[in-house]
Amino acid sequence: MKSLTVSELAERLESGRATVLVDVRTPAEFDRLHAAGAVNVPLDELSVARLADAGLDGEIHLLCQSGTRAAKAAQILAGQGLSGTVVEGGTVAWTEAGLPVVRGASRVIGLERQVRLAAGSLVLLGVLLGFWLHPAAFGLSAFVGAGLVFAGATDWCGMALLLAKAPWNRAPRP
């Protein structure tokens, strides 16, 4: 998988090369803040056909919040015969480098924070219910803990996939 830094990408963009910047975060995350010139194609909608339908032509550079989803996007595209370059550090690095961004009206927090909030809340709920209602409720905490271990080991998070489809993470399509 190819990758490059935000400064290398900025040089390519300034040189006028046919470069397409694809942000694979949720529409709400994209609306909140994104690299100027980026096009939003959420990870769960990403395909070569979707890129072609959007009229995206040129070298594909993939962005997300920090790089994890962009790496997954590169794997998806590679499986369909198209190469994509991951932008190291994602939107965080882009912003820290002082490169131009577009800020929108969305106030939805990032997907990674949503997962931490949801997982922490479910663990706490399981513990409280286990003490107050029935000890079997501790199983909820164990289930969430096992899910977090699995996500850490495999880099696949079912909770993130579910939350990405939540209404507040969706933006109306024009």
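Q: How many residues does H4 have, and what does it span from its first C-alpha to its last?
A: H4 has 12 residues and reaches 17 Å, which is close to the 16 Å expected at 1.5 Å a residue.

Q: And what follows H4?
A: Gly 81 follows H4, and its phi is positive, near 85°.

Q: Let's zoom out. How many helices and strands does the protein chain have?
A: The secondary structure comes to 8 helices and 7 strands. The C-alpha trace of the chain spans about 65 × 35 × 30 Å along its principal axes.

Q: What share of the residues is buried?
A: Of the 174 residues in the protein chain, 39% are buried.

Q: What about contacts between residues 24 or more positions apart?
A: Those account for 67% of the contacts in the chain with a separation of 6 or more.

Q: You said it's predicted. What is the mean pLDDT?
A: The mean pLDDT of the protein chain is 86, and 97% of its residues reach 70 or more.

Q: Where is confidence lowest, and where is it highest?
A: Confidence is lowest in helix H3 (residues 48-53), at a mean of 81. The highest value belongs to helix H6 (residues 111-132), at 92.

Q: Why would I care about low values of pLDDT?
A: Because where pLDDT is low, the predicted coordinates should not be read in detail.

Q: On to the inside. Which residues of the largest nonpolar core touch the most other members?
A: That core has 16 residues, and the ones touching the most other members are Val 22, Val 24, Leu 46, Leu 51, Ile 60 and Leu 62.

Q: Which elements each supply at least two residues of this core?
A: Strand E2 (19-23), strand E5 (59-63) and helix H4 (68-79) do. The largest share, 4 residues, comes from H4.

Q: Which residues is Val 24 in contact with, leaving aside its neighbours within four places in sequence?
A: Quite a list: Val 41, Pro 42, Leu 43, Leu 46, Leu 62, Leu 63, Cys 64, Arg 69, Ala 70 and Ala 73.

Q: New topic: charges. How many salt bridges are found?
A: The search of the whole structure finds 5 salt bridges. In one of them, the side chains of Arg 12 and Glu 59 meet at 2.6 Å, N to O.

Q: Which parts does that pair tie together?
A: Arg 12 lies in helix H1 (residues 6-15) and Glu 59 in strand E5, so the pair ties together parts that are 47 residues apart in sequence. Arg 12 is partly exposed, at 25% relative accessibility, and Glu 59 is partly exposed with a relative accessible area of 25%.

Q: Which residue does Lys 165 meet in a salt bridge?
A: Lys 165 meets Asp 44, at 3.1 Å, N to O. This pair links distant parts of the chain, 121 residues apart: Lys 165 is in the segment after helix H8 (158-164), and Asp 44 is in the loop between strand E4 (39-40) and H3.

Q: Is Lys 165 buried or exposed?
A: Lys 165 is exposed, with a relative accessible area of 53%, whereas Asp 44 is partly exposed at 38% relative accessibility.

Q: Last one: what does Glu 45 form a salt bridge with?
A: Glu 45 pairs with Arg 50, and their closest N and O atoms are 3.2 Å apart. Glu 45 is partly exposed, at 28% relative accessibility, and Arg 50 is partly exposed, with a relative accessible area of 22%.

Technical notes
Residues numbered from 1 in each chain as written. Predicted model: local features only at pLDDT ≥ 70, side-chain atom pairs only at ≥ 80, totals over all residues. Heavy atoms only, no water. Core = buried A, V, L, I, M, F, W, Y, C linked by side-chain atoms within 4.5 Å. Buried < 20%, exposed > 50% of the residue type's maximum accessible area, 1.4 Å probe, protein only. Contact = heavy atoms within 4.5 Å. pLDDT = per-residue confidence, 0-100. Expected span 1.5 Å × (residues − 1). Salt bridge = Lys/Arg side-chain N within 4 Å of Asp/Glu carboxyl O.
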